Amino acid sequence: MLDDVQNGTRIATVIATIRQRIAGRSLTAGDKLPSIRALARSLQLSTSTVVEAYDRLAAEGVIQARAGSGFYVASQAAPLALSEIGPKLDRAVDPFWVSRQSLEAANADLKPGCGWLPPSWLPDDGMRRALRTLSRTEGASLADYGTPLGLPPLRQLIARRMGEHGIDASPDQIMLTESGTQALDLLCRFLLEPGDTVLVDDPCYFNFHALLRAHRAHIVSVAYTPSGPDIEQFATVLSEHKPRLYITNSAIHNPTGAVLSPVTAHRVLKLAEQAGLTIIEDDIFADFEHAAAPRLAAFDGLERVIHIGSFSKTLSASARCGFIAARPDWIEGLTDLKIATTFGGGRLTAELVLNVLRDGSYRKHMEGLRLRLSRAMTDVNARLKNLGLESWIEPQAGMFLWARLPDGLDSAEIARQALMDNIVLAPGNVFSLSQSAAGFLRFNVSQSQDNRIFEVLRKAMARKPDMAAAI
């Protein structure tokens, strides 16, 4: 009986391996599969196990047998399944898990693991004033395509705002996008070929992992410290893996809340120059800073650093608007790519964002928001400490707190239990390529104001040791 179970598991392993390769497009329609003997040898299984697995896949129409030739991927290829690319992880630590749970949550659900502010914390009055102003404008603003680079007055305003952080960029070096995510997607299309190696921080924003999977990139990581990437490890990764890109936050780091130091920034840029590495600097949390942190783009002058930003976090996640700032020759190529993929820009949203940013109340709103976040950070940090969680650092600004659970607790299991009480947490390993953050949770302090969160967390933490003992 045990042999039957083990054999069934081995067959399932072969089937899962082939499905994963098809989902990840390493095998596409019409491609020949490895021979039965070759696959059996590589997986250290018997040829009869592989024969049975291939027969089952053929019966499902996933592959086709050709007499005297072998097995081939069926002409009707399966749709791209990003969750199947890369190592098969527990769904609770999959990069899509937090996003799906947060975006699909009911209004009554609590979302301390999400990455955005509650609607009541956003400039609702300013948005309404801007919408009323737009309703009275000429028809072109409401109906026409935008230019490929995007609304000139908004690009001029962004250039001035970047100058406040020491980044010298003309409006012609700035392209508007639909969001920070679209900015990153365009840059990956522009700079990467399938199989190229990309370096990310560990931990980092989990959607970096998901997006790079979609571009069939090979992802490597470098440990992140309170002052930036670990420089010794950074140099080693550049030497051994020769990545094409490095994607990072330099101001308020997601998920840790750390800030890049000037010394680390200079060393990163020196190593990048020696290695011919391009850096994408994601700066979507710029307006949350109390004091401007170092920017790689400021030190580099937009030579090998590309700077991207967005207004989704401070204005509205519904009015999506981001931007790319890069050297002129790259903006030229990105313009063609943007036309090919989205045609014209989102003029209406750009006009809306411009109206809000020009409103004098926006600066006052952000001043109040920064203070509100600081108070929330202090409060949430204290409440987590009372439960036995310790913050990795004391963040200088922003909304994220990277907190370590007491030894022996798994954040993925805690998150599963909390979800049963309609609370969405962000377990540490969704942010970690090396899967070394199982003991961490990321808390959005603006979304952690309800007492139920801490009560559910307390119960989930107390339940875990009992479960471990039972096992």
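Modeller: Start with E3 and strand E10 (residues 322–325), an antiparallel pair with four bridges; two strands pair if DSSP finds at least two bridges between them. Thr177 has Gly322 in E10 as its bridge partner. Before going on: this is a predicted model, where local features need pLDDT of at least 70, side-chain atom pairs count only at pLDDT 80 or more, and totals for chains, interfaces and linings use all residues. Residues are numbered from 1 along each chain as its sequence is written, and side-chain values use heavy atoms, with hydrogens and water left out. Helices (H or I, at least four residues) and strands (E, at least two) are DSSP runs, numbered from the N terminus.

Strand E3 (residues 174–177) is covered on both faces: Ile174 and Leu176 are buried on one side, Met175 and Thr177 on the other. Buried here means under 20% relative accessible area, exposed over 50%, partly exposed in between (1.4 Å probe, protein chains only).

Now zoom out. The sheet is open, has eight strands in the order E3-E10-E9-E8-E7-E4-E5-E6, and its pairing is mixed. E3 and strand E6 (228–229) are the edges; each has a single partner strand, so one side of each lacks a neighbour in the sheet. On the packing side, helix H10 (residues 231–241) touches E4, E5, E6 and E7, its direction making about 165° with that of E5. Contact means heavy atoms within 4.5 Å; axes are lines fitted to C-alpha atoms, for helices over the stretch in contact, and angles run from 0 to 180 degrees between N-to-C directions. H7 lies across E3, strand E9 (305–310) and E10, at about 115° to E3.

Further along the order is strand E4 (residues 197–202): six of its six residues are buried, so E4 is largely enclosed by the rest of the structure. E4 runs parallel to strand E5 (residues 218–225), with six bridges joining them, and Asp202 is the bridge partner of Ala223 in E5. Together, E4, helix H9 (residues 206–214) and E5 form a right-handed β-α-β unit; right-handed means that, with the strands pointing away from the viewer, the path from the first strand over the helix to the second runs clockwise.

There's another sheet to look at. This open sheet has four strands in the order E11-E12-E14-E13, with antiparallel pairing. Strand E11 (390–391) and strand E13 (426–427) are at the edges, each with a single partner strand, so one side of each has no neighbour in the sheet. Five bridges hold strand E12 (residues 400–404) and strand E14 (residues 440–444) in an antiparallel pair, and Phe400 has Asn444 in E14 as its bridge partner. Helix H15 (residues 361–386) packs on the sheet, touching E11, E12 and E14, with its direction about 15° from that of E12.

Last, the aromatics: ring pairs link Tyr205, Phe206, Phe208, Trp402, Phe431 and Phe440 into a cluster. Rings of Phe, Tyr and Trp (its six-membered ring) pair if their centres lie within 6.5 Å; planes under 30 degrees apart count as stacked, over 60 as edge-to-face and the rest as tilted.
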